[in-house]
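Here is a short report on a single protein chain. It starts with charged pairs, then turns to one helix, the surface and the overall fold.

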Amino acid sequence: AQRTIPDWMHRPFKIFLCDDAKNMSRLLRSALFLGLALSVHTGMFLVPDNDDEHVHAKWSSLRAEWTAHGLNCLYFICTALWLLLTVAIKLPIVMYDVQEEMRIYHPRFAIPRILLGAYASSRLLRDGHVTWRIVLLLCCFTAFTFRHYWLNA
């Protein structure tokens with residue numbers, strides 16, 4: 001990654017994640033364990049509310065709700081950090097590949113930078129890991145913002 005990413009962009013990785021691949025996998029693993037803990041906690045402590053005619057769910061205690069919110073925040077932070085670092089590493093590489101492909105197939109045709117970035121972003125979204133993490137972040141955000149806690153189970 002250091003070959004294709006400018007030094008100013010790679011410097012945070014040298015400070016925080018000096019061993020990129022190993023620490024990125026640790027960050028992803030910790031997000032997966034937090035997601036598992038959150039779903040187990042939700043399955044154990046989220047009970048149906050019998051007083052409501054629409055049968056919404058509620059937490060069994062206030063401590064269970066605060067624990068779920070804490071786990072959700074940690075999960076959201078780990079997943080978002082992994083996603084941001086992955087995009088920061090992969091997007092310049094994909095953009096460089098797209099520029100090289102265009103230079104090979106269409107040497108006289110120059111693509112505007114905004115279209116190049118949009119095409120590179122669409123190629124990055126084809127990666128299953130990135131797209132799946134975005135979907136998980138949206139589900140996690142929706143579950144706790146709109147109180148649809150069943151999305152975590």
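## Salt bridges

The structure holds two salt bridges (a side-chain nitrogen of Lys or Arg within 4 Å of a carboxyl oxygen of Asp or Glu). One joins the side chains of Asp127 and Lys90, at 2.8 Å from N to O. Asp127 sits in the loop between H4 and H5 and Lys90 in helix H3, so this pair ties together parts 37 residues apart in sequence. Asp127 is partly exposed at 21% relative accessibility. Lys90 is partly exposed too, with a relative accessible area of 32%. Buried means under 20% relative accessible area, exposed over 50%, and partly exposed in between (1.4 Å probe, protein chains only).

In the other, Arg123 pairs with Glu101, and the closest N and O atoms are 3.2 Å apart. Arg123 belongs to helix H4 and Glu101 to helix H3, so the bridge ties together parts 22 residues apart in sequence. Arg123 is partly exposed at 25% relative accessibility. Glu101 is partly exposed, with a relative accessible area of 32%.

## Basis of the model

This is a predicted model: local features need pLDDT of at least 70, side-chain atom pairs count only at pLDDT 80 or more, and totals for chains, interfaces and linings use all residues. Residues are numbered from 1 along each chain as its sequence is written, and side-chain values use heavy atoms, without hydrogens or water.

## Helix H5

H5 covers residues 128–145. Its 18 residues reach 25 Å from first C-alpha to last, close to the 26 Å expected at 1.5 Å a residue (1.5 Å times one less than the number of residues). Which residues of H5 are buried? They are Val130, Arg133, Leu136, Leu137, Cys140, Ala143 and Phe144. Seen down the axis of H5, these fall within an arc of 155°, so they line one face of the helix. The arc is taken over directions from the helix axis to the C-beta atoms.

The buried residues of H5 pack against H2, helix H3 (62–105) and helix H4 (113–125). Just after H5, Arg147 takes a positive phi of about 60°.

## Fold and burial

The chain has five helices and two strands. These are DSSP runs, numbered from the N terminus: helices are H or I with at least four residues, strands E with at least two. Along the sequence the pattern reads α-α-β-β-α-α-α. Of the 153 residues, 31% count as buried.

Note on methods: Contact = heavy atoms within 4.5 Å.
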